[in-house]
Amino acid sequence: MTPPPATSHASATGPASATGPASATGPASATGPASATGPAPAAGPAGTGVAADPPAAGAPAPAPRPAEGWAEPAATPLALLLLGQGSDPGSEPGVDCPGSLPAASDPDLVARARAAKAALGDRAFVLGHHYQRDEVIAFADVTGDSFKLARDAAARPAAEFIVFCGVHFMAESADILTGDDQKVILPDLAAGCSMADMAALPQVETAWEVLADAGVVDQIVPVTYMNSSADIKGFVGRHGGLVCTSSNAKRALEWAYARGGKVLFFPDQHLGRNTAVLELGFDLADCVLYDPHKPGGGLTPAQVRDARMILWRGHCSVHGRFTLDSVEEVRRRVPGVNVLVHPECRHEVVRAADLVGSTEFIIRTLEAAPPGSAWAVGTELNLVRRLANAHPEKRVMFLDKTVCYCATMNRIDLPHLVWALEELAAGRVVNRITVDPETARYARVALDRMLALP
Ligand code: SF4
């Protein structure tokens, strides 16, 4: 199959650009070529030191011409990344999506998705994360958070294809937990997770060396949030640690502290801090923040030695947006409102909220809420909007006034799902996510330790 030009991908996801991916792909693609070919040559003469004769007064400006010595910048990986046209497989696994996507305006998209799904029958099992668009959720065989979906995938050994409508790390976990003969498909390979990308394996290995130099590594149990790459889960499995979710973070930390005096927690500092302080009773002073972009993580050996919780400097770009101001503003605006947030929110937000819990907890809480009650929910907008529609007898609103979709989750739209299903139905396996056996083996160890938690 001939890959489409770089810009066709963006244009084919038109509506996506209007919501999530706009910030990620739309403007970059729109401005990228202009930046590369328009202004650059004009700036070239100055940059290359070639002086141009000034135009005579009143004379028309000369047509721009390439200056001598000017050469188009090489399409280096960095240049392409800056233009939104490349990929960095090391930190953002797969930011390309081969194939010819149907147009978002195609009026037959729904019928095409139905037909492809029917043609595949039980051979394909479609998973939909709660943060996915409604148009995608409509075709999911099951919905859930990342952990539930991984278990759901593992419980369908007869399905040849696991079509994962979520983000990259979720598809990796599904590949680790499913059989070798099953193929996990991510309809858009550009659906990564900015939080997961904040902890790359070389950075974590460097941190481990820093902790070894401080003489504390033997006391440390590494704990990684489910929202991390398979590489990181494998690292944790190799070093005696485990994976956790937002539902079982407290139990995971109790497991870890029963085996060591310190925890290195990544990638989400907020989940780690909120769990340690609000559920295990730590002081904030027991926690330090390791910044992978600073020498030594920005910490002194003494700080590392004194800490009980070493938090990785990572966060969710969606939940990290909610602020204390958001909470105070909604309380002023809606008297009696209940503030319900996800533990990936900042510590001060979680402290100011009435209730905090995982995505599944948020869903259950709103289902059980009395009619007429008001809820300001601090999590991804697709889910909040779906919950508001599902519970019209309750006032369900978004905690922040500004729209906040998960940009990467939103990359998977109906055109991508139709494309993936049709390709599979035609016998072409596309966008398969695989984890190498060695990484998968240790990641499985870390996942199994979590699954064995009481
Ligand atoms: S909502 Fe946050 S943690 Fe979840 S996929 Fe998006 S960026 Fe990652």
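Student: What is the mean pLDDT of the chain?
Tutor: This is a predicted model, and the mean pLDDT of its chain is 82. Of its residues, 78% reach 70 or more.

Student: Where is the pLDDT below 50?
Tutor: Over residues 1-95. That stretch has 100 contacts in the model beyond near neighbours in sequence. Where pLDDT is low, though, the predicted coordinates should not be read in detail.

Student: OK, on to the ligand. Which residues come nearest?
Tutor: There are 13 residues around the ligand, and C193, M195, C316, V318 and C406 come nearest.

Student: And how does that shell split by class?
Tutor: The shell around the ligand has 8 nonpolar residues, 4 polar and 1 charged.

Student: Which cysteines does UniProt list under "binding site"?
Tutor: The unreviewed UniProt entry lists C193, C316 and C406. They are spread over 214 residues of sequence but cluster in space, with a largest C-alpha distance of 9.2 Å.

Student: Take C316. Where does it lie, and is it buried or exposed?
Tutor: C316 sits in the loop that runs between strand 9 (309-312) and helix 16 (324-333). It counts as buried because it has 24 C-beta neighbours inside 10 Å, and 20 or more are needed for that. Leaving out residues up to four places away in sequence, C316 touches M195, D268 and E344.

Student: What about C406, buried or exposed?
Tutor: C406 is buried, since 25 C-beta neighbours lie inside 10 Å. Its loop is between strand 13 (395-398) and helix 20 (414-425).

Student: Which other residues does UniProt list for "binding site"?
Tutor: The unreviewed entry also has a list of H129, S146, Y225, M226, N227, S246, H342, P343, E344 and T359.

Student: Pick one. Where is M226, and what does it touch?
Tutor: M226 is in the loop between strand 5 (220-225) and helix 12 (230-238). Apart from residues up to four places away in sequence, M226 touches S146, F147, S173, V243, C244 and T245. With 24 C-beta neighbours inside 10 Å, M226 is counted as buried.

Student: And H342, how many C-beta neighbours does it have inside 10 Å?
Tutor: H342 has 28, so it counts as buried. The loop holding H342 lies between strand 10 (338-341) and helix 17 (347-352). Among the residues H342 touches, other than those up to four places away in sequence, are S246, H319 and T359.

Student: Changing topic: what is the strand order in the open sheet of 5 strands?
Tutor: The order is 2-1-3-4-14, with mixed pairing. Strand 2 (142-144) and strand 14 (432-433) are the edge strands, each pairing on one side only.

Student: In what sense do strand 3 and strand 4 pair?
Tutor: Strand 3 (residues 161-165) and strand 4 (residues 183-185) pair in the parallel sense, over 3 bridges. F161 has K183 in strand 4 as its bridge partner.

Student: Last one. Why does V288 count as partly exposed?
Tutor: V288 counts as partly exposed because it has 18 C-beta neighbours inside 10 Å. V288 belongs to strand 8 (residues 287-290). From V288 to W312 is 24 residues in sequence and 8.7 Å in space, C-alpha to C-alpha. The residues V288 touches, beyond those up to four places away in sequence, include L299, V304 and L311.

Key:
Residues are numbered from 1 along each chain as its sequence is written. This is a predicted model: local features need pLDDT of at least 70, side-chain atom pairs count only at pLDDT 80 or more; totals for chains, interfaces and linings use all residues. pLDDT is the predictor's confidence in each residue, from 0 to 100. Two residues are in contact if their C-beta atoms, placed from the backbone, lie within 7 Å. A residue is near a molecule or strand if its C-beta atom, placed from the backbone, lies within 6 Å of it. Ala, Val, Leu, Ile, Met, Phe, Trp, Tyr, Cys and Pro count as nonpolar, Asp, Glu, Lys and Arg as charged, and the others, Gly among them, as polar. UniProt positions are given in the numbering used here, feature names are shortened, and annotations may be inferred rather than shown by experiment. Helices (H or I, at least four residues) and strands (E, at least two) are DSSP runs, numbered from the N terminus. A residue is buried if 20 or more other C-beta atoms lie within 10 Å of its own, exposed if 12 or fewer, and partly exposed in between; C-beta atoms are placed from the backbone. Two strands pair if DSSP finds at least two bridges between them.
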